[in-house]
Amino acid sequence: RGHVLRRDFDREISSLAEQGKEEVNLGDHGAEDEHVERIVQLLNGDCCEIKVLRLHSNSLHSRGASLFANFLSTNSTLQAIDLSKNAIGSEGFISMVTVLVKSNRSLQWLNLSWNPIFGLSDVDSAASSTEKQDHLGLVVSR
């Protein structure tokens, strides 16, 4: 599945970038942390003018968010990224927010909502994990 998914990402991002598209929607594509490196590589391409990246409803964790944060520390094209409804924990959240505060000036909108960023899924046994995770997150707009 990873090889097929990687090819789909390549095809989708490459074709959109070549056509001068500014938005890529890879939401609900089954993306995992291992795919983020390839996505970032495609976004770093010379012809890439993508300003909006939607990766909601995938299986990204803190490692994937940290890879995006590293990419965003030098990227000046991307203006919005949707990482909602993933499995990003506090480490990934801190990486993303840190890069926004310290080095990235182009990103205007970041959606980290519906992620277990505060790791509260184990805290309260009275509420279900899904219920607690679904309401945690952050949307940053500058």
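User: Contact here means heavy atoms within 4.5 Å. In the protein chain, what share of the contacts with a separation of 6 or more comes from residues 24 or more positions apart?
Analyst: The model is predicted. Take the contacts in the protein chain with a separation of 6 or more. Residues 24 or more positions apart account for 79%.

User: In what order do the elements of the protein chain run from the N terminus on?
Analyst: The chain has five helices and five strands. From the N terminus on, the order is α-β-α-β-α-β-α-β-α-β.

User: What percentage of the residues of the protein chain count as buried?
Analyst: Buried means under 20% relative accessible area. The protein chain has 142 residues, and the buried share is 42%.

User: Which elements are included in the cover over the buried residues of helix 3?
Analyst: Helix 3 spans residues 62–72, and its buried residues include Ala65, Phe68 and Leu72. Among the elements that cover the buried residues of helix 3 are strand 2 (52–54), strand 3 (80–82), helix 2 (33–43) and helix 4 (90–102).

User: Leaving out residues up to four places away in sequence, which residues does Phe68 touch?
Analyst: Phe68 is a buried residue of helix 3. Beyond four places in sequence, the residues touched by Phe68 are Val36, Ile39, Val40, Leu43, Leu53, Leu55, Leu60, Ile81, Leu83 and Met96.

Key. Residues numbered from 1 in each chain as written. Predicted model: local features only at pLDDT ≥ 70, side-chain atom pairs only at ≥ 80, totals over all residues. Heavy atoms only, no water. Helix = DSSP H or I, 4+ residues; strand = E, 2+ residues; numbered from the N terminus. Buried < 20%, exposed > 50% of the residue type's maximum accessible area, 1.4 Å probe, protein only.
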